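Q: Hi! Could you walk me through this structure in plain words?
A: Happy to, here it is.

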Amino acid sequence: MIKLGYVKEDGYFKETFYLNTNFLTRHICIFGTTGSGKSTTLSIIAYELNKLGIPVIIFDRTGEYTSRLKKWSYTIIPGYNYYASPFGIWHDLEIEERVQNEIWLLNEYCRITWNEQLSPLQIRLLTESLLNIYRRGHNPNFDNIVKECRKIIEHELKIWYESAEAIASRFQIFTVGKFKKAFLDISNSKPKLISNLRGINILDLSVFENDEPKNMLSLIAATSIYLEIKRAGFSKKVRLVLAIDEAQNLINKNEKYSILEKMSMELRKYGLSLILVSPRPSNLSENILSNCGTFISHQILSSYDIDMIKKHAYSTNFKYSLENVLYSLNCGEAFIRTLDELEGRIIKIGTEEHESIIH
Ligand SMILES: Nc1ncnc2c1ncn2[C@@H]1O[C@H](COP(=O)(O)OP(=O)(O)OP(=O)(O)O)[C@@H](O)[C@H]1O
Ligand SMILES: [Mg+2]
């Protein structure tokens, strides 16, 4: 059981509240307006999971978790102790299939970052470039792909000029400085993300200032985890809790079967538990919300978002008054609806034991 805080009833804090670990693989969503206590709640859950010996990875875009969980965590820093190339994930496949998957990932990156797909011409040019590089026996990276695209249009297909420049402008950022280093495939020194994983692991994305590299790195890491968990086979016990703060950045609502959606739908039997943190439920997809068993909602001010919670987190206790409840929660308080307590409760998150994490 995960000790999370105290039940608030009639204005008083009564019994201790626990989350049941049996429902971890039915996934958890944490919502709430800015400053309402989401990241603190996730930190407390991570701390409690660590006590139970369940490994956790947190994708941390703002770099706040290392100081909160310093004593109990290990920090993974892209470009220092973690290298993630989108071209190093499917090395066990035939070249053609490998290229297809790699382009899927690049396309996914464009969708979540710009809400745009690669055009059919861009896909063709990228495919040609990747195949050329592999056929020469080299490993692709963003630098040689951009060069190869330009070479193809110079020598062969001048009408693809615009596509090559579009590819260059999308991916050029990954060909310089610390970005280049973080996205290189340094196979020998690349730690596997989940085998032998213990404790709380914080993937610190704050080394990048912009959203683009944060998105790219999160996608690569999530895809690697997805494949590794599947390869490890079915598991009754929880193998890993993957917690993603600011998860709305990795989701394009209009797109079906994004990587987080696939994880939430397919990986329960493989022992993966997802914890997704987002200010607004409406920023996550319907599929993710309907595959979520535990809703933790801090204060929400938008009636549109309150309606989403009502729709997906049916609560017998607060069926008619959820608006008032969610609207008037104090910082650090949350409405929690779990699968074993469908009535829903108001919880003051944190106990004396969690004080050093909260402040
Ligand atoms: N459970 C709690 N008990 C007491 N204080 C809390 C609690 N949770 C949060 N706070 C206070 O509120 C502040 C903001 O919390 P937190 O960073 O967790 O919010 P957030 O919802 O993640 O915000 P953001 O939208 O900026 O990510 C904390 O620094 C802390 O002072
Ligand atoms: Mg936060």
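Q: Let's start with the ligand. How many residues surround ligand 1, and which are the closest?
A: Ligand 1 is surrounded by 14 residues, and the closest are Thr 34, Gly 37, Ser 39, Thr 40 and Gly 332. A residue is near a molecule if its C-beta atom, placed from the backbone, lies within 6 Å of it. This is a predicted model, where local features need pLDDT of at least 70 and side-chain atom pairs count only at pLDDT 80 or more, while totals for chains, interfaces and linings use all residues. Residues are numbered from 1 along each chain as its sequence is written, with chains lettered from A and ligands numbered from 1 in the order in which they are written.

Q: Which element gives the largest share of that shell around ligand 1?
A: Helix 1 (residues 38-51) does, with three residues. Helices (H or I, at least four residues) and strands (E, at least two) are DSSP runs, numbered from the N terminus.

Q: And what's the shell around ligand 1 like by class?
A: The shell has four nonpolar, nine polar and one charged residues. Here Ala, Val, Leu, Ile, Met, Phe, Trp, Tyr, Cys and Pro count as nonpolar, Asp, Glu, Lys and Arg as charged, and the others, Gly among them, as polar.

Q: New topic: which residues of helix 5 are buried?
A: They are Phe 142, Ile 145, Val 146, Glu 148 and Cys 149. Buried means that 20 or more other C-beta atoms lie within 10 Å of the residue's own, exposed means 12 or fewer, and partly exposed is in between, with C-beta atoms placed from the backbone.

Q: Where do those buried residues sit around helix 5?
A: Looking down the axis of helix 5, they fall within an arc of 160°, so they line one face of the helix. The arc is that of the directions from the helix axis to the C-beta atoms.

Q: What's on the other side of helix 5?
A: Glu 154 and His 155 are there, and they are exposed.

Q: Now the loops: where is His 27, and is it buried or exposed?
A: His 27 lies in the loop between strand 2 (12-19) and strand 3 (28-31). His 27 is buried, with 25 other C-beta atoms within 10 Å. Its phi is near 75°, a positive value in a residue other than glycine.

Q: What about Asn 115?
A: Asn 115 has a positive phi of about 60° and is not a glycine. Asn 115 counts as exposed, with 11 C-beta neighbours inside 10 Å.
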